[in-house]
Amino acid sequence: MMNILVVDDDFSSRTIIQKILKQEGHTAWTAEDSQEALDILQREQVNVVISDWNMPGMTGIDLCRYLREQVSLGYIYFIIVTSRATKQDMLEGLSAGADDFLSKPIEPVELILRVRNAERVLALETTSVTLFSLAKLAESKDLETGNHLERMREYARALAEQLMKDPAIRKEVPPRFPEIIYQSSPLHDIGKVGIPDYVLLKPGSLNDEEWAIMKKHTILGAETLQATLNMYPGADFLRLARDIAWAHHERWDGSGYPRGLRGEEIPLAARIVTVADVYDALTMKRVYKSAYSHSVARGIIIEGSGKHFDPRVVQAFLDIEDNIVQIKDNLLNAEVVNTPLLNEMSMD
């Protein structure tokens, strides 16, 4: 159930909507104008705003546009109520940041369905945040990775979108495949949480015994995600995350680990993440190496086509390499290191 704010200058309209929402089990507040709505939004945790378009002073469109600029309020699903039905009106609402529209006069069934759709969208956003938080847990021990997860999931989504231009691949995957891989790919190394620090944080090269322990992070990650998938078998993102965690160190020629899978035996999502992960590792500075330029990393990936990497994924990488470089540059420039906190910790 959700917390919903109904904004309408007409008393009967907002009261009817509030009554329907409460009957569905939602918490619903009402406001007669945008200023009262803003006051409520500052006090209460609101998930959804249902606002009339035409109101005195700040209109519903103005309110929507204003809320999209208020990062501190978090994401609020915004439904515009209107009798307008022209394409231009819809475009104006969408450009202001509206998520959905309700036609006047309001039909209770339509209202309920629109709100249920909002619930699904917001649940997806919550899932994405939760997954990324778990992934950050695995990465938290390594202070050198910067925005690795952010970059890698953007690369993976871009590669998936390019690959889906191929009709044969579109038949293999669900329509939302690029978005699911964007959510799931940061969990590729979640199994490292179970690797001892003396191995995970060793500054030098690993010996054979330590390397064998390190390789187990793929199995640990897959087992952890499978256990969760057993409880939620309908969660496609968990299935994809499991496959990625298990197989992102497999190689196209069968020389990878942990199972020595070859070619298309390796799940497509893992093949995509392998290219994204390696590219980011190559172009990222570490204590043991400088960051390679895009051209050098590009050459290494081309050389690995058909050996380390799926040739189709490599071709997709080459097809969108300008986009890949833009993602890299944008997120490298956006890296934020909490230096004051690290300095404070070093003095304790």
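Mentor: Helices (H or I, at least four residues) and strands (E, at least two) are DSSP runs, numbered from the N terminus. The model is predicted: local features need pLDDT of at least 70, side-chain atom pairs count only at pLDDT 80 or more, and totals for chains, interfaces and linings use all residues. Residues are numbered from 1 along each chain as its sequence is written, and side-chain values use heavy atoms, with hydrogens and water left out.

Trainee: Where is P258 placed?

Mentor: P258 lies in the loop between α12 (236–247) and α13 (268–283). A cis peptide bond joins Y257 to P258, with omega about 10°.

Trainee: Which residues does the other cis peptide bond join?

Mentor: That bond links K104 and P105, at an omega of about -5°. P105 sits in the loop between β5 (100–103) and α5 (108–139).

Trainee: Which residues of α2 are buried?

Mentor: Buried means under 20% relative accessible area, exposed over 50%, and partly exposed in between (1.4 Å probe, protein chains only). In α2 (residues 34–43), the buried residues are S34, A37, L38, I40 and L41. Viewed down the helix axis, they fall within an arc of 160°, taken from the directions from the axis to the C-beta atoms, so they line one face of α2. The face turned away from the buried side carries the exposed Q42 and R43.

Trainee: What covers the buried residues of α2?

Mentor: Contact means heavy atoms within 4.5 Å. The cover includes β1 (3–7), β2 (27–31), β3 (48–52) and α3 (60–68).
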